[in-house]
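Colleague: I'd like to learn how to read a model like this one, feature by feature. Could you take me through it?

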Amino acid sequence: PPVLRCGDVTLDRRARTVHVRGQRVDLTYAEFELLSYLCRHKGLVVSRRELLRFLVSARGAGRALLTRERAIDVHVARLRHKLANARGIRIVTVPHVGYRCDEHVDISARPA
């Protein structure tokens, strides 16, 4: 789908924009692609290797800047920082494997 939603995050793949509760969040190419991939595979564990292969193929073989799986960790850390104000989305580290994007409901934020 062209528009993905996960918690407070709205990702428009055609316009290549991300908004958190209506506020635009500027992401790098790699951050945008990672978030898109993780949102499309919500709830599933995605390995660093799979994410790296995806980013390299998305950029094209000649333009690939990522050469190591650990580079994914840097992009995910930056992505988490930029989405720190978003509720309902969590990028979970699965030790020794990769990441999982979880959509959750914060019951403390619900009105009584």
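Modeller: Gladly. Let's begin with a term: a salt bridge is a side-chain nitrogen of Lys or Arg within 4 Å of a carboxyl oxygen of Asp or Glu. Keep in mind that this is a predicted model. By that criterion, the structure holds 8 salt bridges.

Colleague: Which residue forms a salt bridge with Arg 21?

Modeller: That is Asp 8, and the closest N and O atoms of the two are 2.7 Å apart. The two side chains also make a polar contact, again at 2.7 Å. Asp 8 lies in the loop between S1 and S2, and Arg 21 in the loop between S3 and S4, so the pair ties together parts that are 13 residues apart in sequence.

Colleague: Is Asp 8 buried or exposed?

Modeller: The cut-off for buried is under 20% relative accessible area. Asp 8 counts as buried because its relative accessibility is 18%. Arg 21, at 42%, counts as partly exposed.

Colleague: What else does the side chain of Asp 8 meet in a salt bridge?

Modeller: Arg 87, with an N to O distance of 3.6 Å. This pair links distant parts of the chain: Arg 87 is in the loop between helix H3 (70–82) and strand S6 (89–94), Asp 8 is in the loop between S1 and S2, and 79 residues separate them. Arg 87 is partly exposed, at 43% relative accessibility.

Colleague: And what does Asp 8 touch beyond its sequence neighbours?

Modeller: Setting aside residues up to four places away in sequence, Asp 8 touches His 19, Val 20, Arg 21, Asn 85, Ala 86 and Arg 87.

Colleague: Where do the partners of the salt bridge between Lys 42 and Glu 103 lie in the chain?

Modeller: The closest N and O atoms of Lys 42 and Glu 103 are 3.2 Å apart. This pair links distant parts of the chain, with Lys 42 in the loop between H1 and strand S5 (45–47) and Glu 103 in strand S7 (residues 98–103), 61 residues apart. Lys 42 is partly exposed, with a relative accessible area of 34%, and Glu 103 counts as partly exposed at 44%. As for networks, salt bridges that share partners join Asp 8, Arg 21 and Arg 87 into one.

Colleague: Let's turn to the sheet. How should I read the strand order?

Modeller: As a general idea, strands of a sheet pair through backbone hydrogen bonds, either parallel or antiparallel. Here an open sheet of 4 strands runs in the order S1-S2-S3-S4, with antiparallel pairing. Strand S1 (3–6) and strand S4 (23–25) are the edges, each pairing on one side only. From one strand to the next, the twist averages 25 degrees.

Colleague: How many bridges join S3 and S4?

Modeller: Strand S3 (residues 17–20) pairs with S4 over 3 bridges, in the antiparallel sense. In this pairing, His 19 stands opposite Arg 24 in S4. Helix H1 (residues 29–40) packs on the sheet, where it touches S1, strand S2 (9–12) and S3, and its direction makes about 110 degrees with that of S2.

Colleague: What about the nonpolar interior?

Modeller: In soluble globular proteins, nonpolar side chains tend to be buried together. The largest nonpolar core in this model has 28 residues, of which Val 9, Leu 35, Leu 51, Ile 72 and Ile 89 touch the most other members. At least two residues of this core come from each of S1, S2, S3, H1, helix H2 (48–59), H3, S6 and S7. H1 gives the largest share, 7 residues.

Colleague: Which residues are in contact with Ile 89?

Modeller: Leaving out neighbours within four places in sequence, they are Cys 6, Gly 7, Val 9, Leu 35, Cys 39, Cys 101, Asp 102 and His 104.

Technical notes
Residues numbered from 1 in each chain as written. Predicted model: local features only at pLDDT ≥ 70, side-chain atom pairs only at ≥ 80, totals over all residues. Heavy atoms only, no water. Pairing = 2+ DSSP bridges. Axes fitted to C-alpha atoms, helices over the stretch in contact; angles between N-to-C directions. Contact = heavy atoms within 4.5 Å. Polar contact = N/O pair within 3.5 Å; in protein donor to acceptor, adjacent residues only side chain to side chain. Buried < 20%, exposed > 50% of the residue type's maximum accessible area, 1.4 Å probe, protein only. Core = buried A, V, L, I, M, F, W, Y, C linked by side-chain atoms within 4.5 Å.
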